[in-house]
Amino acid sequence: MRQQVLLEGIEVIGFDADDTLWENARYFSEVEATFCGLMTPYMTQEAARMLLFKVEQRNMPWYGYGVMAFTLSLVEAAVEGSGGKVPAADIQRLLTLGRCMLQRPVVLLPGVAAVLPLVASARRLVVVTKGDLLDQERKLKASGLLPYFHHIEIVTDKKVDNYQQLFDTLSIPARSFLMVGNSLRSDIQPVITLGGHAIHIPQPDVWPHEHADIPTSAFLRLSSMAELPAVLGLG
């Protein structure tokens, strides 16, 4: 595994948003735990968790990612898992939990507030994130980080084609791009497939959908954002 990324040749550094710049996954985990509790009259909590994931995967081509897609899948899984017996009050509770997720305060992850100004002084920065458009725009504005970014890209998915379109928009080759994110599937794999560079900063709560098998020699892994300036030669 490489221990340093040389900034020479890197024109743009991309940052994932959710669980890279600010907390996000734990809110989904909290609501998922409530859902599993509501389903105990019909199945075990582990079975409820597996059912929800199956429904989310099934709905992804239609609903995409984000809180609204998650909320719709919660309701669908509750109806399916209960055989249509789930009380209306429980459905209302799930809808309320989804709405509350859209009103959560933005909590920056450790190191982000100090690191971004330093990195922004050295290279152009972009945000590459997926999810609900309105929710992502809300969080970006509330984060106070917008002044550091040259470009914002909110996409329906983060696959090879999405990144190639971003490179075309920025008029840069893949080799001039460095991506920083917490998801192997969405932030790391597509970028290195195109010939770009990637830094993985994992977080405790990782949605199973975001896992991927990638040789660790292909990217650099850090334990926190605070380590980023040093590996970029800025600290």
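This is a predicted model: local features need pLDDT of at least 70, side-chain atom pairs count only at pLDDT 80 or more; totals for chains, interfaces and linings use all residues.
**Entry 1: S171**

I started with S171, which counts as exposed because its relative accessibility is 63%. For these labels I use relative accessible area with a 1.4 Å probe on protein chains only: buried is under 20%, exposed is over 50%, and partly exposed is in between. S171 sits in the loop between α7 (160-170) and β4. Its phi is near 60°, a positive value in a residue other than glycine. Most residues other than glycine have a negative phi.

Residues are numbered from 1 along each chain as its sequence is written, and side-chain values use heavy atoms, with hydrogens and water left out. Helices (H or I, at least four residues) and strands (E, at least two) are DSSP runs, numbered from the N terminus.

**Entry 2: D19**

D19 has a phi near 65° and is not a glycine. D19 lies in the loop between β1 and α1. Is D19 buried or exposed? D19 counts as buried, because its relative accessibility is 11%.

**Entry 3: the sheet**

Next I traced the strands. In what order do the 6 strands of the open sheet run? The order is β3-β2-β1-β4-β5-β6, and the pairing is parallel. Two strands pair here if DSSP finds at least two bridges between them. The edge strands are β3 (151-155) and β6 (220-221), and each pairs on one side only.

I then checked β1 against β2. β1 (residues 12-15) and β2 (residues 124-130) pair in the parallel sense over 4 bridges. V12 stands opposite R124, and G14 stands opposite V126.

Helices also pack on the sheet. Helix α6 (residues 133-143) touches β2 and β3, and its direction makes about 150° with that of β3. Helix α8 (residues 184-193) touches β2, β4 (177-181), β5 (197-200) and β6. The direction of α8 makes about 155° with that of β5. Axes are lines fitted to C-alpha atoms, for helices over the stretch in contact, and angles run from 0 to 180 degrees between N-to-C directions.

I asked how enclosed β2 is. In β2, 6 of the 7 residues are buried, so the strand is largely enclosed by the rest of the structure.

**Entry 4: β2 to β3**

β2 and β3 pair in the parallel sense over 5 bridges. V127 has I152 of β3 as its bridge partner, and K130 stands opposite V155. The chain crosses from β2 through α6 to β3, and this β-α-β crossover is right-handed. Right-handed means that, with the strands pointing away from the viewer, the path from the first strand over the helix to the second runs clockwise.

Which β3 side chains point to which face? H151, E153 and V155 point to one face and are buried.

**Entry 5: L146**

I found L146 in the loop between α6 and β3. L146 counts as partly exposed because its relative accessibility is 35%. Leaving out residues up to four places away in sequence, L146 touches L140, K141 and I152. Contact means heavy atoms within 4.5 Å. L146 and D135 are 11 residues apart in sequence and 15 Å apart in space, C-alpha to C-alpha.

**Entry 6: α1 and α3**

I compared two helices. The axes of α1 (residues 25-38) and α3 (residues 67-81) come within 11 Å and cross at roughly 10°. That makes α1 roughly parallel to α3. Angles under 35 degrees count as roughly parallel, over 145 as roughly antiparallel, 65 to 115 as roughly perpendicular and the rest as oblique. F28, V31, E32 and F35 of α1 make the contact with V67, F70, L74, A77 and A78 of α3.

**Entry 7: cysteines**

Last, I looked for disulfides. A disulfide is a pair of cysteine sulfur atoms within 2.5 Å. By this rule, the count is 0 disulfides. C36 is in no disulfide. C36 counts as buried at 0% relative accessibility, while C100 counts as partly exposed at 40%.
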